[in-house]
Amino acid sequence: MIEIRGLTKHAREPSAAPILRDVSLQVPKGCLYGLIGPGAAGKSVLLKLVVGLLRADGGEILVEGEDITQMSELRLQAVRTKFGMLFQNNALFDHLSVADNIAFPLRRLFSLSEDEVAARVAERLACVALPGFETRMPSGLSGGQKKRVGVARATVSHASIVLYDEPAAGLDPVTSQKIFDLLRSEQRASGATVIMVSSDLDRLLTVTDRVGMLYRGQLIFDGTTEEARKTTEPRVRQFVHGLTEGPL
Ligand SMILES: Nc1ncnc2c1ncn2[C@@H]1O[C@H](COP(=O)(O)OP(=O)(O)OP(=O)(O)O)[C@@H](O)[C@H]1O
């Protein structure tokens with residue numbers, strides 16, 4: 001369970017509007033939560049605050065009951081073992097093989113034998129339909145394959161919370177749908193709590209349980225996927241249905 005209360009993040013320039021303003025939402029345990037909103041609404045910043053990569057200027061972020069906004073870096077590192085994350089633009093390490101990329105969080109956060117690491121990597125590669133790709137280098141992979149390696153890395157430590165930032169950006173429609181289906185089946189199998197940012201609303205909403213919409217740093221909608229589809233809130237309705245006419 002992730003509970004965000006009154007979260008505020010100021011912009012670097014004091015005169016600019018805050019990046020996030022008094023955002024409160026709950027992501028229940030085992031929920032796949034879709035975070036939507038126009039560009040620069042604050043979605044990526046919210047994910048970075050939840051994982052403690054950025055510090056909040058106000059409010060609380062309770063991760064399984066513990067407020068991470070007040071934690072020391074040392075304590076945060078321990079809490080990060082609960083997290084898996086797929087960043088925007090894959091963020092694979094180009095100088096590391098596929099296997100070393102996937103093993104990275106395992107080696108950093110846990111003390112496992114190399115045999116155990118290799119077994120976990122092979123199992124993850126099979127799950128993302130890339131069996132035997134261990135020794136390949138990221139530069140030799142297609143965009144969709146890189147995303148799948150990213151999914152393997154985000155889920156290799158069996159994290160109870162997984163954050164995905166634009167997991168299918170830049171992929172063709174069929175590959176995108178396969179990535180979303182993969183993320184959904186991973187989430188069902190693991191029971192993880194997931195927050196997913198995506199601008200591919202048509203596909204995102206086929207896999208989410210709940211949806212939140214950020215607009216200019218404020219949460220203007222929080223509800224089930226069904227409620228998001230049926231809402232009469234003009235900005236949310238326009239965004240969810242991709243309408244050209246409306247207040248946005
Ligand atoms: N590390 C940071 N420190 C300060 N400001 C930041 C940081 N990262 C992003 N911003 C600013 O915060 C605002 C929100 O950015 P964010 O990346 O969260 O938007 P987003 O909703 O994810 O947009 P997009 O869909 O375009 O990726 C932007 O104005 C951006 O310039």
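**View 1. The open six-stranded sheet of the predicted model**. In this predicted model, six strands are arranged as an open sheet with mixed pairing, and their order is β6-β7-β8-β3-β9-β10. Strands β6 (83–86) and β10 (218–224) stand at the edges, and because each has a single partner strand, one side of each is left without a neighbour in the sheet. From one strand to the next, the twist averages 15°. Helix α5, which spans residues 143–155, packs on the sheet and touches both β6 and β7 (161–165), with a direction that makes about 170° with that of β6.

**View 2. The pairing of β9 with β10 and the loop between them**. Strand β9, made up of residues 210–215, runs antiparallel to β10, and six bridges join the two. Within this pairing, Tyr215 stands opposite Gln218 in β10. Arg216 has its place in the loop between β9 and β10, where its phi is positive, at about 50°, although the residue is not a glycine. Arg216 has 16 other C-beta atoms within 10 Å and is therefore classed as partly exposed, a residue being called buried at 20 or more such atoms and exposed at 12 or fewer.

**View 3. Pro38 and Ala40 in the loop between β3 and α1**. Pro38 is found in the loop that lies between β3 (32–36) and α1 (43–50), and Ala40 lies in this loop between β3 and α1 as well. Pro38 counts as partly exposed because it has 14 C-beta neighbours inside 10 Å, whereas Ala40, with 12 C-beta neighbours inside 10 Å, counts as exposed. When residues up to four places away in sequence are not counted, Pro38 touches Tyr215 and Leu248. The C-alpha atom of Pro38 is also separated by 8.0 Å from that of Phe239, although 201 residues along the chain lie between the two positions in numbering. In Ala40, phi is near 60°, which is a positive value in a residue other than glycine.

**View 4. The residues around the ligand**. The ligand has 13 residues around it, of which Gly39, Ala41, Lys43, Ser44 and Val45 come nearest. Sorted by class, the shell around the ligand comprises six nonpolar, five polar and two charged residues.

Methods:
Residues numbered from 1 in each chain as written. Predicted model: local features only at pLDDT ≥ 70, side-chain atom pairs only at ≥ 80, totals over all residues. Pairing = 2+ DSSP bridges. Helix = DSSP H or I, 4+ residues; strand = E, 2+ residues; numbered from the N terminus. Axes fitted to C-alpha atoms, helices over the stretch in contact; angles between N-to-C directions. Contact = placed C-beta atoms within 7 Å. Near = placed C-beta within 6 Å. Nonpolar A, V, L, I, M, F, W, Y, C, P; charged D, E, K, R; others polar.
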